[in-house]
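Hello,

Here is the structure I said I would pass on. Please open it first, and then read my notes below.

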Number of protein chains: 2
Amino acid sequence: MSGVLYVVGTGPGNAGQMTPEALSAVAAATEFFGYGPYLDRLSLRPDQRRIASDNREELDRAQAALTRAAAGEKVCVVSGGDPGVFAMAAAVCEAIDKGPAEWRQVELVVTPGVTAMLAVAARIGAPLGHDFCAISLSDNLKPWDVITRRLRLMAEAGMVIALYNPISKARPWQLGEAFSLLREVLPGTVPVIFGRAAGRPDERLLVMPLAEADANRADMATCVIIGSPETRIVAREGQSDLVYTPRFYAGGNT
Amino acid sequence: MSGVLYVVGTGPGNAGQMTPEALSAVAAATEFFGYGPYLDRLSLRPDQRRIASDNREELDRAQAALTRAAAGEKVCVVSGGDPGVFAMAAAVCEAIDKGPAEWRQVELVVTPGVTAMLAVAARIGAPLGHDFCAISLSDNLKPWDVITRRLRLMAEAGMVIALYNPISKARPWQLGEAFSLLREVLPGTVPVIFGRAAGRPDERLLVMPLAEADANRADMATCVIIGSPETRIVAREGQSDLVYTPRFYAGGNT
């Protein structure tokens with residue numbers, strides 16, 4: 001008798017950006033696994049059980065949730081943003097891949113959400129209006145030389161680059177090094193967007209040219225978007241500047 | 001007296017995947033500009049005016065909407081998916097960039113949405129669980145040699161690749177050529193996902209190895225996701241196969 005495992009994304013944290021489909025999954029489930037601050041975004045009923053864990057225990061959390069779902073419970077694993085982007089959906093799939101046969105019988109329902117780079121892009125204009133990539137800067141998950149190689153190839157290809165997990169207490173220097181490396185490939189005028197807590201009351205958006213980009217302006221809640229040589233800034237009197245990447249390729253220096 | 005220009009995304013077309021924020025913007029606006037099938041997804045009131053246009057007239061549509069907003073109206077430009085990804089937000093920014101000074105006074109509100117690759121990824125597992133990119137295959141907007149160079153660099157970097165606008169009547173051969181090119185760089189076993197109309201009643205999901213990937217399985221409503229050498233398939237008895245890209249980099253042949 002297998003239950004259901006819902007994997008939902010809350011979006012960036014603004015209730016208006018969480019989909020009705022994700023809210024329905026939350027209403028249907030009775031046990032909730034997730035990082036505490038993400039569980040705090042849900043308004044759970046008294047009959048809904050909450051099992052909060054630390055941010056970095058993703059595989060353990062996925063295994064615990066699958067164990068309960070395989071026992072017949074309706075279980076919900078909660079991510080911020082979209083659960084499929086550097087988040088819990090991959091951890092759940094990995095747990096199923098490596099786990100006991102009965103976990104493959106569990107009905108798995110993943111509901112997509114608004115991931116951080118889309119929320120940041122919407123607040124600033126349309127920096128992701130043309131080809132782009134998303135890279136996690138965490139070298140907990142892959143060697144640093146793989147990250148630097150990828151960054152260099154992305155810049156050479158003329159892609160706009162969204163950086164997830166740009167900085168943390170345990171990883172203080174990586175973002176600065178990424179900027180240094182990108183300055184070797186990209187013009188110093190390329191706009192860099194620091195998008196913190198987009199859509200939330202503590203939102204903070206900054207734009208500066210790559211030549212002056214300062215890694216200290218980012219924290220764990222920041223998504224950093226680095227423009228391509230095609231990306232443009234539109235100054236507006238009395239309104240914030242817009243940053244966008246044109247739909248047409250004009251043939252910048254890529 | 002400037003009005004407001006909302007740029008909203010409907011998500012992939014399933015009403016459960018459109019955010020409350022986008023619905024609020026729709027409720028607040030009185031004139032709607034967009035491609036007809038996207039406007040059809042909204043339940044407009046009799047007092048809300050609908051101005052449908054062809055799919056390819058994006059800049060004209062953005063200019064028409066800005067003209068009305070600058071005249072003081074509350075105007076809504078409607079995209080499918082997320083308006084910031086290969087869609088109307090960039091066309092609106094471009095129109096502001098090139099247009100008359102008064103268009104810069106218009107209040108611009110972009111609401112993010114669930115873009116196609118996220119909806120497809122959720123239905124199949126977690127193929128975007130690690131570094132990935134999004135590339136438009138339309139050579140209306142950039143030269144074909146820029147596209148092929150980018151595809152090659154993405155594959156060399158080990159990125160999962162989501163292809164938007166993979167095929168159309170006017171662009172029948174590009175997707176097949178993209179597969180041929182990627183076969184030169186990537187193992188033939190890499191999974192390719194054809195995700196059509198994800199989350200809608202006419203949804204169709206197919207997975208096949210790159211060696212056998214057949215461009216005829218895609219149409220205009222398809223988002224194609226090409227795995228990296230790290231991407232794995234999990235077979236499940238009685239349930240559909242899962243496709244996911246592990247959070248940890250195992251050191252495949254990239």
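A definition comes first: two strands pair if DSSP finds at least two bridges between them. In general, strands of a sheet pair through backbone hydrogen bonds, either parallel or antiparallel. Please also keep in mind that this is a predicted model.

**The sheet across both chains**

Strand β9 (residues 191-196) of chain A pairs with β10(A) in the antiparallel sense, over six bridges. Within this pairing, Gly195(A) is opposite Leu205(A) of β10(A).

These two strands belong to an open sheet of 10 strands, with mixed pairing and the order β10(A)-β9(A)-β11(A)-β8(A)-β7(A)-β7(B)-β8(B)-β11(B)-β9(B)-β10(B). Its edge strands are β10 (204-209) of chain A and β10 (204-209) of chain B, each of which pairs on one side only. From one strand to the next, the twist averages 15°.

Where do the chains join in this sheet? Strand β7 (residues 132-136) of chain A and strand β7 (residues 132-136) of chain B run antiparallel and are joined by three bridges. Ala134(A), for example, stands opposite Phe132(B) in β7(B).

Helix α5 (residues 116-124) of chain A lies across β7, β8 (160-164), β9, β10 and β11 (222-226) of chain A, together with β7 of chain B. The helix runs at about 65° to β11(A). Helix α6 (residues 144-157) of chain B also packs on the sheet, where α6 touches β7 and β8 (160-164) of chain B. The direction of α6 makes about 165° with that of β7(B).

**The three-stranded sheet of chain A**

Another open sheet has three strands of chain A in the order β6-β13-β12, with mixed pairing. Strands β6 (125-126) and β12 (232-234) of chain A are at the edges with a single partner strand each, so one side of each has no neighbour in the sheet. Three bridges connect β12(A) with strand β13 (residues 242-244) of chain A, and the two run antiparallel. Val243(A) in β13(A) is the bridge partner of Ile233(A).

Chain B reaches this sheet too: helix α4 (residues 88-98) of chain B lies across β6, β12 and β13 of chain A, at about 120° to β13(A).

**The interface**

How many residues of each chain are in contact with the other chain? There are 74 from chain B and 74 from chain A. The size of an interface is often given as the accessible area lost when the parts come together. Between chain B and chain A, the buried area is about 6300 Å², and carbon and sulfur atoms give 59% of that. Leu141(B), Arg150(B) and Arg247(B) supply 12% of the area that chain B buries against chain A, more than any other three residues.

The interface holds 10 salt bridges. One of them is between the side chains of Asp97(B) and Arg232(A), at 2.5 Å from N to O. Between the two chains, 38 residue pairs are in polar contact. On the side of chain B that touches chain A, 40 residues are nonpolar, 18 polar and 16 charged.

**Salt bridges overall**

Over all chains, the structure holds 34 salt bridges. Among them is the one between the side chains of Asp40(A) and Arg50(A), at 2.8 Å from N to O. Asp40(A) is in the loop between α2 (36-39) and β3 (49-53) of chain A, while Arg50(A) is in strand β3 of chain A, so this pair ties together parts that are 10 residues apart in sequence.

Best regards

Technical notes. Residues numbered from 1 in each chain as written. Chains lettered and ligands numbered in written order. Predicted model: local features only at pLDDT ≥ 70, side-chain atom pairs only at ≥ 80, totals over all residues. Heavy atoms only, no water. Contact = heavy atoms within 4.5 Å. Buried area = accessible area lost by both parts, 1.4 Å probe. Salt bridge = Lys/Arg side-chain N within 4 Å of Asp/Glu carboxyl O. Polar contact = N/O pair within 3.5 Å; in protein donor to acceptor, adjacent residues only side chain to side chain. Nonpolar A, V, L, I, M, F, W, Y, C, P; charged D, E, K, R; others polar. Helix = DSSP H or I, 4+ residues; strand = E, 2+ residues; numbered from the N terminus. Axes fitted to C-alpha atoms, helices over the stretch in contact; angles between N-to-C directions.
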